[in-house]
Amino acid sequence: MKSKKLISLLLASLPLVLGSCFGGGESSSASSSSSSAAASSQVAASASSSSSSSNSSSSTAANSSSSSSSSAASSSSSAHSHNYVASETREHDESECWVVETCSCGETRISDRKSHDLSGQTYTYDNDYHWLAGACSYCGYEPTASKEAHSMGQWQVTLEATEDSEGSQSRYCSCGYSETESIAKLPHTHKYADTYLYDDDYHWHPTTCGHSNEDGSLSKEEHYFVTTTTAATFWSDGKTVQECECGKTIETTIAKGRKIGDTIELRSYPSSKSTNSNLATAASEVEYQDFGFYNEGSQKTGVYQYKDFTSGSDKYRAIYFSDYRYIEASKLYSGYLTSDNSRKIYAKHFDNGYDIRTTYYFKYEPISWTIVGEGETSSGVEYFTLLADDIIDATYYYHSMNFRENETIEPGDYYDSDIRAYLNGLLYETAFSSSEKTYIISDTVDNSLSTTAMDESSYYDCLMRDTTDSVFLPSYKDAVDYSISNSGDNNTDYAQALGLGPSPVSGGSTHTYSWTRSPIAVGSSYGMVNRIGNDGVSRLTYREASYTDCGIRPMIKIAKTYHNDSDGHIWSEEYEYDSEHHWHPATCCDEAITGKAEHTLTFTRDESITDTTNGCGYFSCDACGYRPSADLQHNLDSDGNCTACGLENSGYNGIKFAFDSSNNSWKVTGVDASLTSAVIPSTYHGHPVTSITSDALSGATALVSLTIPVEITSIARYAFSGSSLTEIIYGGTTEQWNKLTSDVSLPAVIVRCSDGSTIMNDKPYPEKSLL
């Protein structure tokens with residue numbers, strides 16, 4: 001087929017070739033050349049598009065026919081010039097498109113041949129495939145689409161799912177196709193309040209999402225209790241408080257300590273060492289006091305000092321020693337000195353880490369006591385015997401090993417010992433509150449030979465005198481009967497700071513000792529005293545009375561039923577009173593009272609009361625503090641001096657007064673010559689100021705301004721005589737001033753009244769002239 005088309009084209013172009021060979025003239029030659037070129041072009045076009053569609057073949061044939069006609073016309077008219085006109089549409093095949101140009105002579109040619117422009121194609125898609133669709137922008141040719149399966153990307157969440165609604169997610173193909181699917185609702189997560197609900201066994205956080213716990217899905221937890229215990233005292237119940245973080249609280253009452261073996265707490269005593277840096281500031285506001293300790297046989301002043309003070313809500317004691325606590329001079333032989341003689345043995349506070357010339361602070365803490373025994377006083381009051389659980393203090397039994405003041409009183413005698421005075425003095429006042437003291441029985445303390453485990457001997461009679469004490473040491477017998485012993489840790493920091501010393505025992509361990517009140521004879525020495533160690537007390541455990549390394553575990557007696565007098569009552573230290581009497585009420589019942597007496601009233605001047613206020617002081621009862629009146633008026637004599645408080649009529653701010661007893665009021669009688677201005681008060685010493693006497697201002701040569709209160713109801717005619725006043729300030733109205741001064745000789749002054757008016761008097765001392 002292709003060869004036939006080629007032959008046809010060659011035949012069609014033969015006349016043009018012949019014309020070219022035999023034509024004459026320039027014009028003919030050009031025409032022939034043009035036709036030849038057209039024919040060549042068509043041949044080339046035909047050759048290149050031999051595989052085109054039938055439409056293209058027809059077009060080519062038409063072009064060949066046109067070329068033959070044109071050739072013929074050229075032969076007949078050698079002067080023809082082609083005038084090609086491009087067709088409005090393009091021709092195309094699968095890969096190219098072109099423009100066909102036609103001359104009026106019928107000859108055609110092809111121009112503007114180019115590849116298809118398919119850049120405007122876009123993807124079209126269905127649910128399974130996508131393809132490019134769109135025509136050539138030059139010729140409109142639209143090639144057959146090639147379909148491809150979608151290539152989908154990862155799922156992307158487009159709407160988050162919640163507990164209340166579904167979400168959605170989508171994925172996309174590069175062609176623009178997308179798929180969307182729903183995301184299931186989130187499972188419900190309970191939301192809980194920060195607060196708790198609870199019952200006896202469990203606690204839980206209630207939900208805020210509206211869901212209940214009917215299905216058991218909400219977690220319940222058992223209570224976790226933190227326990228706080230307040231120890232029972234002898235006079236009040238204690239309690240145990242179990243508190244869970246949810247708020248569930250269980251309180252259990254601990255009964256008052258009222259049987260042997262019970263432990264109770266009383267007030268407090270210096271105990272734990274404190275290193276709080278703020279204590280020095282608080283302590284600086286309090287003065288030191290002397291312990292009154294002896295050193296080397298003599299009492300020292302300013303060497304061993306203490307001070308009690310508060311910081312915040314806590315109480316503390318500061319101590320300061322400028323020298324060590326030595327034993328008496330007669331015992332200072334060489335074996336008791338250190339190699340450099342800087343300190344001596346039994347200055348145990350140094351061994352415990354407390355040096356001299358350094359201030360140490362100790363916090364007051366409750367003292368723990370155990371009920372170890374019971375008994376009855378000679379008057380029939382039943383009591384419990386209490387022993388301190390810890391060694392709370394340390395000092396010597398007696399400060400010397402010599403006879404006392406040349407008497408045959410041994411150092412081991414408890415009756416005259418320093419430690420007994422210390423127990424019932426400083427320790428007693430420090431360790432117990434005023435209310436606790438009312439329950440502590442001051443009773444006979446048995447110091448007989450039987451308490452020392454010694455055989456009867458008249459030689460010891462002077463050592464065995466009974467005492468009457470509120471606080472006392474255990475005896476040898478007490479230590480045995482109550483199984484008293486000291487462990488290594490039942491001592492306080494404070495006791496160590498005052499000299500309590502650890503003593504070595506077998507095996508290299510240490511423990512501390514505490515004094516008894518029982519002396520013991522060792523050889524020819526009667527200055528030895530039994531002491532209690534970690535294994536209790538024995539005849540072979542003793543210490544010289546002058547040593548400072550033994551501690552104090554005090555004992556006291558507490559009335560069992562809160563009654564400690566012959567009638568079975570115990571009285572409050574505080575008074576109750578009415579307008580005539582005062583008395584001490586019983587703390588054991590509501591009916592009993594004691595010491596009922598009439599008030600003894602003493603006047604006390606109230607220093608806050610000024611010269612111009614009512615009252616001068618108050619009366620109060622010396623014993624109970626009852627005050628029948630808090631504000632008494634002055635009781636003035638004819639000179640204006642108060643007979644109640646002794647306040648003298650000495651004037652007020654340079655103004656002199658005289659008292660008019662006829663109407664209990666004051667008169668102004670003079671003004672200091674140095675004053676340039678003066679204010680007359682409305683009251684003085686509790687009574688009104690009502691008048692100014694004649695010549696009251698005669699000596700006030702410097703006075704230019706005077707303030708007069710409205711309470712002044714009388715001014716003498718020549719009250720202002722000799723005055724250099726230029727201004728008077730009056731507390732009343734113009735009408736009141738005119739009435740008050742109708743017969744008064746006035747200087748040339750300006751009078752300013754309280755109603756704002758100004759009165760000018762420009763004529764000195766007229767009989768009566770007010771302008």
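Strands β23 (382-388) and β25 (443-445) and helix α8 (476-481) each contribute at least two residues to the lining of the largest pocket. The structure is a predicted model, in which local features need pLDDT of at least 70 and side-chain atom pairs count only at pLDDT 80 or more, while totals for chains, interfaces and linings use all residues. Residues are numbered from 1 along each chain as its sequence is written, and side-chain values use heavy atoms, with hydrogens and water left out.

**The largest pocket**

The space in this pocket amounts to about 250 Å³. Its lining has 15 residues, of which D446, D478, Y482, R517 and K557 are the closest to the centre. By class, the lining holds 4 nonpolar, 5 polar and 6 charged residues. A pocket is here an open set of points on a 1 Å grid over the protein atoms alone, where a 1.4 Å probe fits, with protein on both sides within 12 Å along at least five of seven lines; lining residues have an atom within 4 Å of a point. The volume is the space filled by probe spheres set on the points.

**Strand pairing**

Helices (H or I, at least four residues) and strands (E, at least two) are DSSP runs numbered from the N terminus, and two strands pair if DSSP finds at least two bridges between them.

| Strand | Partner | Bridges | Opposite residues |
|---|---|---|---|
| β8 (residues 167-172) | β9 (residues 178-183) | 6 bridges | S170 and T180 |
| β10 (197-198) | β11 (residues 202-204) | 2 bridges | Y198 and H203 |

The hairpin of β8 and β9 has 5 residues between the strands, and G176 in this hairpin takes a positive phi near 110 degrees. Strand β10 also belongs to an open, antiparallel sheet of 3 strands in the order β10-β11-β12. Because β10 and β12 (221-222) stand at the edges with a single partner strand each, one side of each has no neighbour in the sheet.

**The chain as a whole**

The protein chain comprises 10 helices and 50 strands. Of its 771 residues, 41% count as buried, that is, under 20% relative accessible area with a 1.4 Å probe, protein chains only. The accessible surface, from the Shrake-Rupley method with a 1.4 Å probe, is about 39,600 Å², and 46% of this surface belongs to carbon and sulfur atoms. Among contacts (heavy atoms within 4.5 Å) between residues at least 6 apart in sequence, 50% join residues at least 24 apart.

Y684 lies in strand β44 (residues 683-684) and counts as buried because its relative accessibility is 0%. Its C-alpha atom is separated by 8.7 Å from that of F657, 27 residues apart along the chain.

Technical notes. Nonpolar A, V, L, I, M, F, W, Y, C, P; charged D, E, K, R; others polar. Buried < 20%, exposed > 50% of the residue type's maximum accessible area, 1.4 Å probe, protein only.
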